[in-house]
Amino acid sequence: MKCPFCQHEDTQVLDTRVSEEGDSIRRRRRCAQCDKRFTTYERVELSMPIIVKKNGSRTEFESSKLRGSLMLALRKRPVAAGAIDAAIASIEEKLLTSGRREVDSVHVGELVMQELKRLDKIAYIRFASVYKNFEDLAEFQEAIAEVGPGAKTPSS
């Protein structure tokens, strides 16, 4: 760590403490050259992967867009807000832990469909019909068969 005062590269750690929240480490340092003391903080920096759209353009991941898509599919469905938050957290965790710097929007859509299938079968069909661009009744029937004949929804 360079000294912020004299730019010397040899600094000594005098004290290390974990923050009360446990999300950062505070280090008290002393410069071997000028003998001045300073504090540094170490924090985890998480960055979501860039989303690569079907047309090849790239955009930053936006949690609000993910929430909007889920809310639209779940509109007027009996799904608790906590379950929606958990689904969003699950998708975000899968994206973060993938270790990839870029992710296709198709992959994100598949993750959303997995969560909707688990949360509410009707919302899954709604989302799939738009996402997969259903054009005829047969495609709807295939999607319905995919969630299972007589599949139970939260209100059933």
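Q: Which hand does the crossing of H2 and H3 have?

A: A crossing is left-handed if the near helix is turned anticlockwise from the far one by less than a right angle, and right-handed if clockwise. Here the crossing of H2 and H3 is right-handed. Helices (H or I, at least four residues) and strands (E, at least two) are DSSP runs, numbered from the N terminus. Before we go on: this is a predicted model, where local features need pLDDT of at least 70 and side-chain atom pairs count only at pLDDT 80 or more, while totals for chains, interfaces and linings use all residues. Residues are numbered from 1 along each chain as its sequence is written, and side-chain values use heavy atoms, leaving out hydrogens and water.

Q: At what angle do the axes of H2 and H3 cross?

A: Axes are lines fitted to C-alpha atoms, for helices over the stretch in contact, with angles from 0 to 180 degrees between N-to-C directions. For H2 (residues 81-97) and H3 (residues 105-119), the axes cross at roughly 145° and come within 10 Å.

Q: Which residues make the contact?

A: Contact means heavy atoms within 4.5 Å. From H2, the residues are Ala83, Ala87, Ser90, Ile91, Lys94 and Leu95; H3 brings His107, Val108, Leu111, Val112, Gln114, Glu115, Arg118 and Leu119.

Q: Which residues of H2 are buried?

A: Buried means under 20% relative accessible area, exposed over 50%, and partly exposed in between (1.4 Å probe, protein chains only). In H2, the buried ones are Ile84, Ala87, Ile88, Ile91 and Leu95. They lie on the same side of H2, because they cover an arc of only 95° around the axis, the arc being that of the directions from the helix axis to the C-beta atoms. An α-helix has 3.6 residues a turn, so residues three or four places apart point the same way.

Q: What covers the buried residues of H2, and what does the face turned away carry?

A: The cover includes helix H1 (63-73), strand E6 (102-104) and H3. On the face turned away from the buried side you will find the exposed residues Glu93 and Thr97.

Q: Is valine 79 buried or exposed?

A: Valine 79 sits in the loop between H1 and H2, and counts as buried at 17% relative accessibility. Leaving aside residues up to four places away in sequence, valine 79 touches Leu74, Ile84, Leu119 and Asp120. Of these, Ile84 is among the buried residues of H2, and Leu119 is among those of H3.
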